[in-house]
Amino acid sequence: MWAEYSTAYPDAVNLCPEYSVERFGDSAVLADALLHEVIHGHKRATSTLAREFMDDGMALPRVGSHWIACDGDGNPKVVLKSVELRLGTFASADADFARDEGEGDRSLESWRTEHRKYWLRGEAARGRTWSEDCAIVFERFLLVWPPEHAGKTPGSQDAAYPV
(Lines give C-alpha, C1' and ligand atoms only; values in the text may rest on other atoms or scores of the structure.)
Protein backbone atom coordinates (compact mmCIF):
# COMPACT_ATOMS: atom_id res chain seq x y z
CA MET A 1 0.00 0.00 0.00
CA TRP A 2 2.78 2.43 0.93
CA ALA A 3 4.69 1.65 -2.26
CA GLU A 4 1.61 2.33 -4.39
CA TYR A 5 0.96 5.63 -2.62
CA SER A 6 4.65 6.61 -2.88
CA THR A 7 4.63 5.94 -6.61
CA ALA A 8 1.43 7.91 -7.15
CA TYR A 9 2.46 10.88 -4.96
CA PRO A 10 6.26 11.02 -4.70
CA ASP A 11 6.30 14.72 -3.75
CA ALA A 12 4.07 14.10 -0.72
CA VAL A 13 6.29 11.24 0.40
CA ASN A 14 9.55 13.10 -0.27
CA LEU A 15 8.28 16.09 1.70
CA CYS A 16 7.59 13.91 4.74
CA PRO A 17 8.72 10.29 4.27
CA GLU A 18 8.01 9.00 7.75
CA TYR A 19 4.96 6.88 8.41
CA SER A 20 3.59 4.61 11.09
CA VAL A 21 1.32 1.58 10.94
CA GLU A 22 -1.47 1.66 13.51
CA ARG A 23 -5.10 0.94 14.19
CA PHE A 24 -7.71 3.03 15.92
CA GLY A 25 -8.97 2.21 19.40
CA ASP A 26 -8.07 -0.49 21.88
CA SER A 27 -9.89 -3.48 20.39
CA ALA A 28 -10.46 -5.09 17.02
CA VAL A 29 -14.16 -4.19 17.15
CA LEU A 30 -13.46 -0.52 17.89
CA ALA A 31 -10.71 -0.41 15.25
CA ASP A 32 -13.12 -1.69 12.61
CA ALA A 33 -15.90 0.68 13.65
CA LEU A 34 -13.64 3.75 13.57
CA LEU A 35 -12.01 2.72 10.31
CA HIS A 36 -15.51 2.44 8.81
CA GLU A 37 -16.13 6.08 9.81
CA VAL A 38 -12.84 7.12 8.21
CA ILE A 39 -13.57 5.31 4.94
CA HIS A 40 -17.06 6.78 4.73
CA GLY A 41 -15.83 10.33 5.31
CA HIS A 42 -17.26 11.00 8.78
CA LYS A 43 -14.03 10.77 10.78
CA ARG A 44 -11.24 13.20 9.91
CA ALA A 45 -9.69 13.69 13.35
CA THR A 46 -8.44 11.68 16.27
CA SER A 47 -7.17 12.33 19.77
CA THR A 48 -4.50 10.36 21.58
CA LEU A 49 -2.91 10.74 24.99
CA ALA A 50 0.58 12.10 24.34
CA ARG A 51 2.15 9.56 26.67
CA GLU A 52 0.78 6.71 24.53
CA PHE A 53 3.29 7.73 21.86
CA MET A 54 6.08 7.48 24.43
CA ASP A 55 4.75 4.12 25.66
CA ASP A 56 4.91 2.80 22.09
CA GLY A 57 8.39 4.26 21.48
CA MET A 58 7.06 6.62 18.83
CA ALA A 59 7.68 10.30 18.22
CA LEU A 60 4.69 12.60 18.12
CA PRO A 61 3.30 12.93 14.61
CA ARG A 62 4.03 16.08 12.65
CA VAL A 63 2.11 17.92 9.99
CA GLY A 64 2.68 16.10 6.73
CA SER A 65 3.48 12.74 8.32
CA HIS A 66 1.57 9.68 7.20
CA TRP A 67 0.12 6.67 8.87
CA ILE A 68 -1.30 3.48 7.53
CA ALA A 69 -4.52 2.67 9.35
CA CYS A 70 -5.24 -1.02 9.77
CA ASP A 71 -8.44 -2.89 10.43
CA GLY A 72 -9.03 -4.84 13.63
CA ASP A 73 -7.09 -7.81 12.27
CA GLY A 74 -4.04 -5.66 11.49
CA ASN A 75 -4.58 -5.50 7.72
CA PRO A 76 -3.56 -2.16 6.14
CA LYS A 77 -6.59 -0.40 4.67
CA VAL A 78 -5.90 3.31 4.14
CA VAL A 79 -3.11 5.90 4.22
CA LEU A 80 -3.81 9.00 6.28
CA LYS A 81 -1.87 12.26 6.25
CA SER A 82 -1.67 14.53 9.30
CA VAL A 83 -2.69 18.07 8.38
CA GLU A 84 -3.20 19.70 11.78
CA LEU A 85 -1.81 18.89 15.21
CA ARG A 86 -1.95 20.52 18.60
CA LEU A 87 -1.35 19.56 22.21
CA GLY A 88 -4.02 20.35 24.74
CA THR A 89 -5.98 19.05 27.67
CA PHE A 90 -9.38 17.40 27.83
CA ALA A 91 -11.07 20.76 28.44
CA SER A 92 -9.52 22.24 25.30
CA ALA A 93 -11.53 20.00 22.95
CA ASP A 94 -14.21 22.00 21.18
CA ALA A 95 -17.39 21.25 19.25
CA ASP A 96 -15.65 21.54 15.87
CA PHE A 97 -13.06 18.95 16.84
CA ALA A 98 -15.72 16.61 18.26
CA ARG A 99 -17.64 16.86 14.98
CA ASP A 100 -14.52 16.16 12.93
CA GLU A 101 -13.62 13.17 15.09
CA GLY A 102 -16.89 11.74 13.75
CA GLU A 103 -17.84 9.44 16.60
CA GLY A 104 -21.13 8.95 18.44
CA ASP A 105 -23.57 11.74 17.65
CA ARG A 106 -20.57 14.00 16.85
CA SER A 107 -21.38 16.39 19.72
CA LEU A 108 -18.86 17.71 22.22
CA GLU A 109 -20.81 16.13 25.07
CA SER A 110 -20.67 12.71 23.38
CA TRP A 111 -16.95 13.20 22.69
CA ARG A 112 -16.31 14.00 26.35
CA THR A 113 -18.36 11.08 27.66
CA GLU A 114 -16.83 8.47 25.35
CA HIS A 115 -13.23 9.69 25.54
CA ARG A 116 -13.37 9.96 29.32
CA LYS A 117 -14.46 6.27 29.45
CA TYR A 118 -11.85 5.27 26.86
CA TRP A 119 -8.92 6.97 28.59
CA LEU A 120 -9.97 5.83 32.07
CA ARG A 121 -10.09 2.25 30.75
CA GLY A 122 -6.81 2.52 28.84
CA GLU A 123 -4.83 4.12 31.62
CA ALA A 124 -6.17 1.64 34.18
CA ALA A 125 -4.99 -1.20 31.91
CA ARG A 126 -1.51 0.39 31.95
CA GLY A 127 -1.57 0.72 35.73
CA ARG A 128 -2.03 4.49 35.66
CA THR A 129 -4.71 6.97 36.54
CA TRP A 130 -6.09 9.24 33.83
CA SER A 131 -6.84 12.86 34.58
CA GLU A 132 -8.34 15.63 32.49
CA ASP A 133 -4.98 17.43 32.76
CA CYS A 134 -3.12 14.74 30.75
CA ALA A 135 -1.61 16.05 27.50
CA ILE A 136 -3.65 15.04 24.45
CA VAL A 137 -2.54 15.13 20.82
CA PHE A 138 -5.43 16.51 18.77
CA GLU A 139 -4.90 15.53 15.14
CA ARG A 140 -6.79 16.24 11.95
CA PHE A 141 -5.98 14.15 8.90
CA LEU A 142 -6.84 13.50 5.27
CA LEU A 143 -7.49 10.08 3.84
CA VAL A 144 -5.07 10.07 0.88
CA TRP A 145 -4.98 6.44 -0.29
CA PRO A 146 -6.45 4.34 -1.87
CA PRO A 147 -7.92 6.56 -4.58
CA GLU A 148 -11.45 5.19 -4.24
CA HIS A 149 -11.60 6.54 -0.68
CA ALA A 150 -9.31 9.57 -0.87
CA GLY A 151 -10.82 12.99 -0.43
CA LYS A 152 -14.17 11.93 1.02
CA THR A 153 -15.56 14.40 3.48
CA PRO A 154 -19.08 14.56 4.88
CA GLY A 155 -21.36 15.50 2.02
CA SER A 156 -18.66 15.22 -0.65
CA GLN A 157 -17.28 12.50 -2.87
CA ASP A 158 -14.59 14.67 -4.46
CA ALA A 159 -11.04 13.39 -4.73
CA ALA A 160 -8.44 15.49 -2.95
CA TYR A 161 -4.83 15.91 -3.93
CA PRO A 162 -2.87 14.56 -0.94
CA VAL A 163 -0.05 17.11 -0.77
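These are my notebook entries on what I looked up in this structure, which is a predicted model.

**Entry 1: the sheet**

I began with the strands, keeping in mind that strands of a sheet pair through backbone hydrogen bonds, either parallel or antiparallel. I found an open sheet of five strands with mixed pairing, and I wrote down its order as β1-β3-β4-β5-β2. The edge strands are β1, at residues 19-23, and β2, at residues 45-49, and each of these pairs on one side only. From one strand to the next, the twist averages 40°.

I then looked at one pair of strands in detail, namely β3 (residues 66-70) and β4 (residues 76-88), which run antiparallel and are joined by five bridges. Which residue of β4 is the bridge partner of Trp67? I traced the bridge and noted Leu80 as the partner.

**Entry 2: helices on the sheet**

Next I asked which strands helix α3 lies across. Helix α3, made of residues 28-39, lies across β1, β3, β4 and β5 (136-145), and I noted that it runs at about 85° to β4. Helix α6, made of residues 108-125, also packs on the sheet, where it touches β2 and β5, and its direction makes about 35° with that of β2.

**Entry 3: empty space inside**

Rolling a probe the size of a water molecule over the atoms shows where empty space is left. With a cut-off of 30 Å³ or more, I counted one cavity, and for the largest cavity I noted a volume of about 40 Å³. The residues that line the largest cavity are Ala98, Glu103, Gly104, Ser107, Ser110, Trp111, Glu114 and His115. Helix α6 gives the largest share of this lining, with four residues. Sorting the lining by class, I have two nonpolar, four polar and two charged residues.

**Entry 4: salt bridges**

A search of the whole structure gave me 15 salt bridges. I looked up the one between Arg126 and Asp55, in which the closest N and O atoms are 2.4 Å apart. Arg126 lies in the loop between α6 and β5, whereas Asp55 belongs to helix α4 (residues 50-55), so this pair ties together parts that are 71 residues apart in sequence.

**Entry 5: backbone details**

Lastly I checked the backbone angles at two places. The peptide bond from Trp145 to Pro146 is cis, with omega near 5°, and Pro146 has its place in the segment after β5. Arg106, found in the loop between α5 (95-101) and α6, has a phi near 70°, which is a positive value in a residue other than glycine.

Methods
Residues are numbered from 1 along each chain as its sequence is written. This is a predicted model: local features need pLDDT of at least 70, side-chain atom pairs count only at pLDDT 80 or more; totals for chains, interfaces and linings use all residues. Side-chain values use heavy atoms; hydrogens and water are left out. Two strands pair if DSSP finds at least two bridges between them. Helices (H or I, at least four residues) and strands (E, at least two) are DSSP runs, numbered from the N terminus. Axes are lines fitted to C-alpha atoms, for helices over the stretch in contact, and angles run from 0 to 180 degrees between N-to-C directions. Contact means heavy atoms within 4.5 Å. On a 1 Å grid over the protein atoms alone, a cavity is a set of points where a 1.4 Å probe fits but cannot get out, and a pocket is an open set with protein on both sides within 12 Å along at least five of seven lines; lining residues have an atom within 4 Å of a point. Grid points are joined across faces, edges and corners, and a volume is the space filled by probe spheres set on the points. Ala, Val, Leu, Ile, Met, Phe, Trp, Tyr, Cys and Pro count as nonpolar, Asp, Glu, Lys and Arg as charged, and the others, Gly among them, as polar. A salt bridge is a side-chain nitrogen of Lys or Arg within 4 Å of a carboxyl oxygen of Asp or Glu.
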